[in-house]
Amino acid sequence: MIRYTSLLICLCVMVSCTPTDNSEIITLNQKITDLKLTIDSLTLELKELKTDKGKGPSGSINNKDKSTNEEFWGFLWSFMTDSAFQIERVSFPLQYETWKEDEEGYPDLGGEIVIHKLTKDNWEHDYLYANSATERTQVYDNYEMSFRDTDERIIHWFGVESGGDAKYFFKAKDGKWYLVRKEQLGD
């Protein structure tokens, strides 16, 4: 829902701009068309998540493992959208790898990697890719990023144009999925 609100706001801002020449009108019309296609795509993905029991959005992963683990896609949707559920399903203290910050507080890209231990007290709800319309996400069923029936999943979120690169490592414990590690090494 937040995704749609963000897209609607962007659409309103673009429509409210008054272009000064014909090329700007063409560009704005293309952006509006692209946003409509994105909304249609997200609507379809949401329907698939709600109706495709035992399959992920692409239908290529059997989410109900041979083990007794809960269905991963249902867990993931609740994890992204429900802050109370998310805090219950993070294995604290959570290992968080990222770039060391420079003197001004910005990540020193390509510099030293630091490992933080996040606690429940300093955790902020993470929507993963639920709020993202331009980035593409691939979900793997293990840390080697290949498809096998395991008790591990990794979500690799990467933004082709934004430079984002985040990995979320999940592990099944007693039949339930938990976030056990986070890596943020993008721009």
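This briefing describes selected side-chain interactions in the structure above. The model is a predicted one. A search of the whole structure finds seven salt bridges, and the structure also holds nine aromatic pairs.

- T98 belongs to strand β1, which spans residues 90–99.
- With a relative accessibility of 11%, T98 counts as buried, because the limit for that class is under 20%.
- A polar atom of the T98 side chain lies 3.0 Å from the backbone oxygen of Q184.
- Apart from neighbours within four places in sequence, the contacts of T98 are E112, I113, V114, H116, Q184 and L185.

**Salt bridge between R181 and E97**

- R181 and E97 form a salt bridge in which the closest N and O atoms are 3.1 Å apart.
- This pair links distant parts of the chain, with R181 in strand β6 (residues 176–184) and E97 in strand β1, 84 residues apart.
- R181 is partly exposed at a relative accessible area of 23%, whereas E97 counts as buried at 13% relative accessibility.
- E97 and R181 also belong to a network of salt bridges that includes K167 and E183.

**Salt bridge between K100 and E112**

- K100 forms a salt bridge with E112, and the closest N and O atoms are 3.7 Å apart.
- Both K100 and E112 lie in the loop between β1 and β2 (113–118), twelve residues apart.
- K100 counts as partly exposed at 40% relative accessibility, and E112 is partly exposed with a relative accessible area of 48%.
- E112 is also one of the residues in contact with T98.

**Salt bridge between E152 and K171**

- The side chains of E152 and K171 meet in a salt bridge with an N to O distance of 4.0 Å.
- E152 counts as buried at 18% relative accessibility, while K171 is partly exposed with a relative accessible area of 30%.

**Aromatic pairs**

- F75 and F79 form a tilted aromatic pair, at 5.5 Å centre to centre and with 40° between the planes.
- F75 and F79 are separated by about one helical turn, because they are four residues apart in helix α3 (residues 72–81).
- Both F75 and F79 are buried.
- The ring centres of F92 and W123 are 5.9 Å apart and their planes stand at 75°, so this pair is edge-to-face.
- F92 in strand β1 and W123 in the loop between β2 and β3 (136–140) are 31 residues apart, and the pair links distant parts of the chain.
- F92 is partly exposed, with a relative accessible area of 24%, whereas W123 is buried, with a relative accessible area of 11%.
- F72, W73, F75, F79, F85, F170 and W177 are linked into a cluster by ring pairs.

**Charges over rings**

- R153 lies over the face of F72, at 5.7 Å from the ring centre; F72 is one of the members of the aromatic cluster.
- R181 lies over the face of F169, at 3.8 Å from the ring centre, and R181 also forms the salt bridge with E97.

Note on methods: Residues numbered from 1 in each chain as written. Predicted model: local features only at pLDDT ≥ 70, side-chain atom pairs only at ≥ 80, totals over all residues. Heavy atoms only, no water. Helix = DSSP H or I, 4+ residues; strand = E, 2+ residues; numbered from the N terminus. Buried < 20%, exposed > 50% of the residue type's maximum accessible area, 1.4 Å probe, protein only. Polar contact = N/O pair within 3.5 Å; in protein donor to acceptor, adjacent residues only side chain to side chain. Contact = heavy atoms within 4.5 Å. Phe/Tyr/Trp six-rings, centres within 6.5 Å; stacked < 30°, edge-to-face > 60°. Lys NZ or Arg CZ within 6 Å of the ring centre and 35° of its normal.
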